[in-house]
Amino acid sequence: MLREAGLRVTAPRVGVLAAVHALPHSDTGTILHRVRSERASVSHQAVYDCLHTLTTAGLLRRLEPSGSVARYEPQIGDNHHHLVCRA
């Protein structure tokens, strides 16, 4: 997926992409915890950078429900304009 999007394959990108696929609708903290459980040396900044890069490349979608932190999901082809976080 990374190569098809024109991105270099790096351990942090693979970890973040795998974490979001395993835990869709996760916030940054949850993603960071999941990535670090497998790659302890990955920094907060690396995860933020990866999320930005993967979102910009169209591999992930960032959702920002009103009154909630941003969440990420691998499904990018549908419409969530009506999404409200209840839990």
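How are H1 and H3 oriented to each other? The axes of these two helices cross at roughly 70 degrees, and H1 and H3 are therefore roughly perpendicular to each other. Welcome to this structure, which is a predicted model. The chain has 87 residues, with three helices and three strands among them. Below is a short tour, from the whole chain down to single residues.

**The chain as a whole**

- Of the 87 residues, 34% count as buried.
- The chain exposes about 5,500 Å² of surface, and carbon and sulfur atoms supply 51% of that area.
- Counting contacts in the chain with a separation of 6 or more, 41% come from residues 24 or more positions apart.

**Where H1 meets H3**

- A pair of packed helices is described by the angle between their axes and the distance between the axes.
- For H1 and H3, the axes come within 9 Å, alongside the crossing of roughly 70 degrees.
- On the H1 side, the contact is made by Pro12, Arg13, Val16, Leu17 and Val20.
- On the H3 side, the partners are Val47, Cys50, Leu51, Thr53 and Leu54.
- Sorted by class, this contact of H1 with H3 has eight nonpolar residues, one polar and one charged.

**Where H2 meets H3**

- Helix H2 covers residues 28-38 and helix H3 covers residues 44-56.
- The two pack at an angle of about 115 degrees, and their axes are 10 Å apart.
- Angles of 65 to 115 degrees count as roughly perpendicular, and H2 and H3 are therefore described as roughly perpendicular to each other.
- The crossing of H2 and H3 is right-handed.
- H2 contributes Thr28, Ile31, Leu32 and Arg36 to the contact, while H3 contributes His44, Val47, Tyr48 and Leu51.
- The residues of this contact divide into five nonpolar, two polar and one charged.
- Val47 and Leu51 of H3 take part in the contact with H2, and both are also listed in the contact with H1.

**Histidine 25, in a loop**

- Histidine 25 sits in the loop between helix H1 (11-22) and strand S1 (26-27).
- Its backbone has a positive phi of about 70 degrees, although histidine 25 is not a glycine.
- With a relative accessible area of 38%, histidine 25 is partly exposed.

**Histidine 52, in a helix**

- You will find histidine 52 in helix H3.
- Histidine 52 is exposed, because its relative accessible area is 56% and the cut-off for exposed is over 50%.
- Histidine 52 and arginine 62 are ten residues apart along the chain, and their C-alpha atoms are separated by 8.9 Å.

**Proline 74, after a strand**

- Proline 74 belongs to the segment after strand S3 (71-73).
- Its relative accessibility is 22%, so proline 74 counts as partly exposed; buried would mean under 20%.
- Apart from neighbours within four places in sequence, proline 74 is in contact with Val20, His21, Pro24, Leu59 and Leu60.
- One of these partners, Val20, also belongs to the H1 side of the contact with H3.
- The C-alpha atoms of proline 74 and leucine 54 are separated by 9.7 Å, and the two residues are 20 apart along the chain.
- Leucine 54 is itself one of the H3 residues in the contact with H1.

Terms used. Residues are numbered from 1 along each chain as its sequence is written. This is a predicted model: local features need pLDDT of at least 70, side-chain atom pairs count only at pLDDT 80 or more; totals for chains, interfaces and linings use all residues. Side-chain values use heavy atoms; hydrogens and water are left out. Axes are lines fitted to C-alpha atoms, for helices over the stretch in contact, and angles run from 0 to 180 degrees between N-to-C directions. Helices (H or I, at least four residues) and strands (E, at least two) are DSSP runs, numbered from the N terminus. Angles under 35 degrees count as roughly parallel, over 145 as roughly antiparallel, 65 to 115 as roughly perpendicular and the rest as oblique. A crossing is left-handed if the near helix is turned anticlockwise from the far one by less than a right angle, and right-handed if clockwise. Contact means heavy atoms within 4.5 Å. Ala, Val, Leu, Ile, Met, Phe, Trp, Tyr, Cys and Pro count as nonpolar, Asp, Glu, Lys and Arg as charged, and the others, Gly among them, as polar. Buried means under 20% relative accessible area, exposed over 50%, partly exposed in between (1.4 Å probe, protein chains only). Accessible areas come from the Shrake-Rupley method with a 1.4 Å probe; for residues, only the protein chains shown count as cover.
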